[in-house]
Amino acid sequence: MTATPLALIIVAVVVLGTIGFALLSVRRIKMDPQQYMVGGRSFGTIFLWVLLAGEIYTTFTFLGIAGLSYSQGAPAYYVMAYGVCAYLIGYFLAPAIWRVAKDANLLTGPDFFETRYNSRALGVAVALLWFAMIVPYVALQLSGLQILLRIAGYGAYDATASVCVAFVVLALFVFTAGLRGTAWASVVKDVFVLGGVIFAGVAIPMHFFGSPAAMIQRIGIIHPQMLVLPLGTAYHGTVWFVSSVLLSAIGFYMGPHTMTAVYSSRSAQALRRNAMLLPLYQVFLCLMIFAGLSAALIVPGLKGTAVDQSFLLVVQRYYPSWVLGLIAAAGSLAALVPASALLLAGAGLITKNVLGDWLGIATGDKERTLLTRVLVLVVAVLALLFWLDAQRTVVELLLLYYNGITQFAPGVIASFLWKRATAWGVGLGIAAGLSVAVPLAALNITPLGINVGLLGLAANIVVLIGVSLLPFSRPLRKSP
Amino acid sequence: MRLLLAAVPFTALTFAVPFVNRDQPRIAGIPFLLCWIVAWALLAPAFLWAISRLERHDA
């Protein structure tokens with residue numbers, strides 16, 4: 001194990017190659033806001049597939065799932081379960097959202113609230129809240145990237161500087177290429193990530209134990225408790241499992257970039273077909289669980305946040321540096337490509353909803369595209385500064401993100417199911433949900449083992465219904 | 001009817017999980033709970049496909 005830069009060079013070549021490929025693919029596309037932000041609403045099965053699966057195949061596929069499997073085992077299964085449940089909901093929800101977006105020519109997530117509830121104030125408030133959740137989530141991807149680059153450099157190089165360089169390159173790429181470029185980059189990313197996942201979940205157990213089944217046999221002897229969930233209200237027990245799957249499944253389509261991915265579809269049918277097939281993609285996550293369990297046997301004893309590095313350490317110690325390079329490259333793409341979709345969504349909603357609709361700045365097509373591009377760079381710098389400043393608390397902020405975005409779901413779903421829902425009800429519902437979920441999550445309080453986001457969601461729904469029934473909030477609702 | 005069909009795999013992966021939270025019997029060496037989740041991930045497309053057939057029938 002020598003400090004060779006080979007692995008890092010492979011990472012750099014793959015990342016730059018992906019960006020170059022994506023840029024070549026979009027070089028003849030003329031950019032207007034429709035094209036830049038929602039790909040001209042022309043995406044078919046493959047682009048939708050990679051954009052909607054990208055949410056799950058982020059850096060946390062590589063680090064988080066393996067880390068959770070490594071330290072606790074069965075609770076990691078929740079990722080597979082929630083993905084499938086999310087697509088079961090999405091089969092019905094995504095085409096309905098798409099129809100609204102198409103008819104009203106929506107560009108951003110907040111546009112949906114503004115149109116359905118006929119309230120600019122709600123649109124602006126939702127835009128600001130969504131934006132506040134994007135920055136920590138992008139920062140989180142940077143932390144993942146840092147771990148990957150540090151391990152790929154065998155600890156010999158300063159990963160912080162490399163992260164900054166990689167991120168600036170990425171921001172310039174998003175500046176140029178828009179959502180279509182991100183979709184092309186996602187195609188390459190998914191090829192690499194799938195390769196990495198198959199290597200991790202099949203090759204590693206076979207190399208060390210003969211087969212995945214033999215590896216599980218060993219786990220069953222040494223750590224039998226890892227193969228089942230803790231009971232009831234225990235930490236990461238069955239109550240936590242069910243509530244987390246529900247929460248994440250409901251929140252899945254509520255990411256600002258997931259909303260725009262839905263808008264970018266060519267048709268409602270393309271979204272249905274995707275929801276039908278995407279659960280199969282979840283099955284591959286099983287392999288990352290095998291990788292994490294294998295690491296628990298091969299490099300035991302990691303504690304705290306170090307568990308996220310478990311499977312990479314196995315690759316670093318026992319495989320040649322070109323293998324490490326390819327795996328780290330896959331992981332880096334898994335961090336950078338979703339981050340690029342988020343940058344775009346964040347810049348888009350600030351340009352459109354806050355600066356454009358509210359303050360009346362840059363409302364023409366040309367100015368809007370330019371402003372969105374500039375804001376991509378601004379958001380990128382903000383996320384970078386945030387990350388440099390608060391590297392340690394980022395994992396807690398992931399909770400804020402997931403607890404946060406899910407609070408938008410009642411407003412979206414109510415707009416289809418309940419004609420009396422009003423802007424006041426939805427807005428105050430979101431406020432109630434956040435003020436229950438965020439403090440509890442920050443203080444790490446989990447009453448009865450229930451995921452606190454779900455409690456926030458309950459408060460949200462109660463307030464939404466209660467306030468909507470009050471007489472003063474009625475007139476704001478536009479007839480559908 | 002369509003929602004009911006979607007509710008089957010959904011329930012299997014959420015509320016049913018506490019009742020299948022067991023290691024044995026293992027199928028092909030994989031713990032039962034993991035088999036259950038993988039099986040429903042594979043079955044979910046079949047349910048959604050059935051729903052899409054019903055929709056086409058209605059239309």
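Domain bounds in these legends come from an automatic or database domain assignment. The structure shown is a predicted model.

**Figure 1. The two domains of chain A.** Chain A is divided into domain 1, residues 6-392, and domain 2, residues 407-480. The C-alpha centres of domain 1 of chain A and domain 2 of chain A are 26 Å apart. Contact between them involves 25 residues of domain 1 of chain A and 21 residues of domain 2 of chain A. On the side of domain 1 of chain A that touches domain 2 of chain A, at least two residues each are supplied by α5 (78-104), α6 (109-116), α7 (120-152) and α10 (238-251) of chain A. The largest share of this side, eight residues, is that of α10(A). By class, this side of domain 1 of chain A has 16 nonpolar residues, eight polar and one charged.

**Figure 2. The contact between chain A and chain B.** Here 31 residues of chain A are in contact with 27 residues of chain B. Two or more residues of the side of chain A that touches chain B come from each of α5, α9 (212-222), α10 and α12 (268-282) of chain A. The residues on this side of chain A comprise 26 nonpolar, four polar and one charged.

**Figure 3. Helices α8 and α15 of chain A.** Two packed helices are described by the angle between their axes and the distance between the axes. Helix α8 (residues 159-209) of chain A packs against helix α15 (residues 321-358) of chain A at an angle of about 140 degrees, and their axes are 6 Å apart. The helices α8(A) and α15(A) are therefore oblique to each other. Their crossing is left-handed. The contact of α8(A) with α15(A) contains 22 nonpolar, seven polar and one charged residues.

**Figure 4. Helices α1 and α8 of chain A.** The axis of helix α1 (residues 6-25) of chain A comes within 7 Å of the axis of α8(A), and the two cross at roughly 95 degrees. Because of this angle, α1(A) is roughly perpendicular to α8(A). Residues of α1(A) that meet α8(A) include A:V14, A:T18, A:F21 and A:S25, while those of α8(A) that meet α1(A) include A:F173, A:W184, A:K189 and A:F192. Sorted by class, the contact of α1(A) with α8(A) has 14 nonpolar residues, four polar and one charged.

**Figure 5. The surroundings of A:F60.** Residue A:F60 is placed in helix α4 (residues 59-72) of chain A. A:F60 is buried, because 22 other C-beta atoms lie within 10 Å. When its neighbours within four places in sequence are left aside, A:F60 is in contact with A:I65 and A:G144. From A:F60 to A:L443 the separation is 383 residues in sequence and 23 Å in space, C-alpha to C-alpha.

Figure 6. In the loop between α5 and α6 of chain A lies A:N105. Phi of A:N105 is near 60 degrees, a positive value in a residue other than glycine. A:N105 is exposed, with 12 other C-beta atoms within 10 Å. The loop between α6 and α7 of chain A holds A:N118, a residue other than glycine whose phi is also positive, near 50 degrees. A:N118 counts as partly exposed, since it has 16 C-beta neighbours inside 10 Å. In chain B, the peptide bond that joins B:Q24 and B:P25 is cis, with omega about -5 degrees. B:P25 belongs to the loop between α1 (2-13) and α2 (32-58) of chain B.

Note on methods: Residues are numbered from 1 along each chain as its sequence is written. Chains are lettered from A and ligands numbered from 1 in the order in which they are written. This is a predicted model: local features need pLDDT of at least 70, side-chain atom pairs count only at pLDDT 80 or more; totals for chains, interfaces and linings use all residues. Two residues are in contact if their C-beta atoms, placed from the backbone, lie within 7 Å. Helices (H or I, at least four residues) and strands (E, at least two) are DSSP runs, numbered from the N terminus. Ala, Val, Leu, Ile, Met, Phe, Trp, Tyr, Cys and Pro count as nonpolar, Asp, Glu, Lys and Arg as charged, and the others, Gly among them, as polar. Axes are lines fitted to C-alpha atoms, for helices over the stretch in contact, and angles run from 0 to 180 degrees between N-to-C directions. Angles under 35 degrees count as roughly parallel, over 145 as roughly antiparallel, 65 to 115 as roughly perpendicular and the rest as oblique. A crossing is left-handed if the near helix is turned anticlockwise from the far one by less than a right angle, and right-handed if clockwise. A residue is buried if 20 or more other C-beta atoms lie within 10 Å of its own, exposed if 12 or fewer, and partly exposed in between; C-beta atoms are placed from the backbone.
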